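Please open the structure in the viewer and keep the selection tool at hand.

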Amino acid sequence: MSATAWAWLALLMPLLGSLVIALGFRVLPARVAGAIGTAAIGLAFVCAIGALLNLLGEDAEARHHASSLWDYASAAGLDIKLGIYVDQLSVFMLLVVTGISTLIHLYSFGYMQSDEGYRRFFSYLNFFVFSMLLLVLAGNFVLLIVGWAFVGFASYALISFWYRRTTATRAGMKAFVINVVGDIGLVLAAFLIFRELGTFEFGAVFAKAPEVFTQGGWTVTAICLLLLVGAFAKSAQIPFHTWLPDAMEGPTPVSSLIHAATMVTAGVYLIARTHVLFYLAPTAADIAAFTGLATLLIAGTIALTMTDLKRAIAYSTMSQIGYMIMGVSIGAYAQGLFHLMTHAFFKALLFMAAGSIISAMANRQDIDRMSGFWRAMRFTSLMLLVGGLALAAFPLTSGFFSKDSILAYAEARGGMYTWMAIGGYVGALLTALYTFRLIFRVLPGRPCEEAQHLIETGELYHGPAINPATEELEDAEVGFPGAHHHIAEQSRPMAVAMALLGFGALFAGLIQVPGVDNVLFGFLDPAFADSPLSEIHPSVGAEWRGLAIGAAISLLGIATAWLLWARRPELPGLFRARLRPLYELAVNKWYFDEAIDLVIVRPALAIGRFASSTFERFVVDGLVNGTKETGAGAGGIVRVVQSGFVRSYALLLIAGFAGLALYFLLSSS
Amino acid sequence: MSIEWYVVLSSLLFAVGAMGILLRRSPVVILLCLELMLNASNLALVAFSRMVGNQQGQVFAVVVMVVAACEVVVGLGLIVAIFRRKLPLDVDELRELRG
């Protein structure tokens, strides 16, 4: 079978899974539905491997194929096919998405076991994977937008999964609205591309673009900026990031899959896919790179002050995606994608471990209440530690190699990009600090009440069902999280998924060690050969120097975190008191929500109120009522004639004809 | 005989019919007056046809008679229906179509 056939099959599997579960939800037993969902994604992963093996059997330059099933729209110079584009980039994304998704489905199989919406969950989750695969495989901008909007919907459906929780439905709406703003950017970019180049097909667009556009021209810059609006909204970059922390209202596997490992990296994929355009628009690329840098620093400071376990990890996700966006924008395409892959491993793992701990806490997420889980849950703690080490770029873990490859490239490109490398190292220090702040507050110490209960009885603590965001009591029926929770120690599917991810988080970086092996970049680089920026390679010595700096910073960060939150826990309080304004700024998330509220939401509401109270009442109602009154008045005049007397009608008729006859007589004589 | 006599007779008949429609209130009489007006015009048609010397006017007159017969059927049907429903046989009383 050809690579494209494998890719079509990979696309088909999750769609079938989603449909079978959705249509059969009344007859399928819950565990069968879960098994179907997991198996569908597993098969998609097998298909992805098939596509990879096929590509590897070809010459490096010939590894791109377009294939289409049928015409989507064909009229008036428009020729849109339902087509996919299979090259190194899409196969790489295919592997990451299906691989991580399989493990997260496996984890959900155990984690969601007691939830009333189990089948619905798997149907949504499979639909998400289908949409994501459509997004990464799409062969033209139209299909890309379809996939792009589908993942937005899947994200909305899964954030609001517990649909009777008001906070969850609000968070879902927020995510959807911000994502739609991004969709609009992407659609406008596609319009412009079609207007200038007359095609939507990726191959044709990227072949024509260098001939039609001048380097740094206005049009191509506008296209790239519009693409960036889409990418920023999906990838939670400033100022479109506020939905991501709220998205943590969804079930933890959702946070792990959609809001950490796969969907939020769609922006990185988009920039990498359209790198030809971004090379032609250096201004847009620089804006993207600076936004990435700003996001990674700002999100890092916010993550330092969050007390909600999942939200802290969400800010860390934003920060790490900032690295990737910065990477692919400055030309470190393969490096950014490398970080995307390793991040998918360790961030999915971190969320899984966090989910396990939250289960043990009877759904509470406040790290102020957590301590001593090392003694209560050894396996989960170990996995949290592994994920944390990889995130903090501890030497020889996966995050260590991927993050430093981006920064080494930035340094090699020189100029103002050197500052990006420096900013990236500052971000790395923040990363190590906030990661180990979580770990040192949750794992060591005297076990908290819930952990103690687990140690003594071997069973999970059962508190009242509450909403962790508002502390409101909830019932545990449908539309809310179930009353029973599951932890990795007691659920084999969860443990297997976490162990596999843990392995990946520790060792996935070893496929790309400077000077030793070049598996990933060797595979990906030909896809970016048409951009001169991919010619820049830092020397092996420079890379190892960067790795050494990275290692030092990581160890420094971890040691500082140990000092602050384990050794002398009174210190953070002192800092808080001393640096009150800074702390306030970070703990209020740099007031982004308030600023957006002030600049966009309130004016929009004010315009709406004006429209409904003044404009609607006086102008619209006035027009409508005026028309009505005019008609009624005119009718009132004519009405008099309609007396209902047949004989008066006859008189009018006869008089009329007599008058006409008289007129003709007079005018003819 | 010159054409004038025919036309004057036709006009007189037409005027009588029209007056009847305008002045009488019984639907039966109104229907009769309608017939009178139609036949006044038939008379004019036949007279003009003879003056011109071809048959077209006479054909029209026959067609008008057919139409008049149909109209009488409908009109009398209406009158019977009004009578059956015990409504007054007076066109001034039947004025539900007043706007």
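**Chain A as a whole**

Select chain A and colour its two assigned domains: domain 1 covers 1-280 and domain 2 covers 593-668, the bounds coming from an automatic or database domain assignment. The centres of domain 1 of chain A and domain 2 of chain A, taken over C-alpha atoms, are 52 Å apart. This is a predicted model, in which local features need pLDDT of at least 70 and side-chain atom pairs count only at pLDDT 80 or more, while totals for chains, interfaces and linings use all residues. Residues are numbered from 1 along each chain as its sequence is written, and chains are lettered from A and ligands numbered from 1 in the order in which they are written.

Display the C-alpha trace of chain A, which spans about 120 × 60 × 55 Å along its principal axes. In the cartoon view, chain A shows 27 helices and two strands; helices (H or I, at least four residues) and strands (E, at least two) are DSSP runs, numbered from the N terminus. Chain A has 669 residues, of which 51% count as buried. A residue is buried if 20 or more other C-beta atoms lie within 10 Å of its own, exposed if 12 or fewer, and partly exposed in between, with C-beta atoms placed from the backbone. Among the contacts in chain A with a separation of 6 or more, 81% join residues 24 or more positions apart; two residues are in contact if their C-beta atoms, placed from the backbone, lie within 7 Å.

**Two packed helices**

Select H3 (residues 88-111) and H15 (residues 333-360) of chain A. Two packed helices are described by the angle between their axes and the distance between the axes. H3(A) and H15(A) pack at an angle of about 5 degrees, with their axes 10 Å apart. H3(A) is therefore roughly parallel to H15(A). Axes are lines fitted to C-alpha atoms, for helices over the stretch in contact, and angles run from 0 to 180 degrees between N-to-C directions. Angles under 35 degrees count as roughly parallel, over 145 as roughly antiparallel, 65 to 115 as roughly perpendicular and the rest as oblique.

Show the side chains at this contact, including A:Phe92, A:Val96 and A:Ile100 of H3(A) and A:Leu337, A:Leu340 and A:Met341 of H15(A). By class, the contact of H3(A) with H15(A) has twelve nonpolar, one polar and no charged residues. Here Ala, Val, Leu, Ile, Met, Phe, Trp, Tyr, Cys and Pro count as nonpolar, Asp, Glu, Lys and Arg as charged, and the others, Gly among them, as polar.

**Two covered helices**

Move to H14 (residues 309-330) of chain A. From first C-alpha to last, its 22 residues reach 32 Å, close to the 32 Å expected at 1.5 Å a residue; the expected span is 1.5 Å times one less than the number of residues. In H14(A), 22 of 22 residues are buried. After H14(A) comes A:Gly331, with a positive phi near 110 degrees.

Next, select H17 (residues 378-391) of chain A, where ten of 14 residues are buried. The buried residues include A:Thr380, A:Met383 and A:Leu389. What covers them? The cover includes H14, H15, H16 (373-376), H18 (398-413), H19 (417-442) and H21 (492-507) of chain A. H17(A) is followed by A:Ala393, whose phi is positive, near 60 degrees.

**Loops of chain A**

Select A:Phe25, in the loop between H1 (3-23) and H2 (30-56) of chain A. A:Phe25 counts as partly exposed because it has 16 C-beta neighbours inside 10 Å. Apart from neighbours within four places in sequence, A:Phe25 is in contact with A:Ala33, A:Arg119 and A:Arg120.

Then find A:Pro239, in the loop between H8 (218-234) and H9 (243-246) of chain A. A cis peptide bond, with omega about 0 degrees, joins A:Ile238 and A:Pro239.

Display both chains: ten residues of chain B are in contact with ten residues of chain A. The chain B side of this contact divides into five nonpolar, one polar and four charged residues.

Finally, select A:Lys589 and B:Lys86. Although not a glycine, A:Lys589 has a positive phi of about 55 degrees, and B:Lys86 has one of about 60 degrees. Which is buried and which exposed? A:Lys589 is buried, with 20 other C-beta atoms within 10 Å, whereas B:Lys86 is exposed, with 6.
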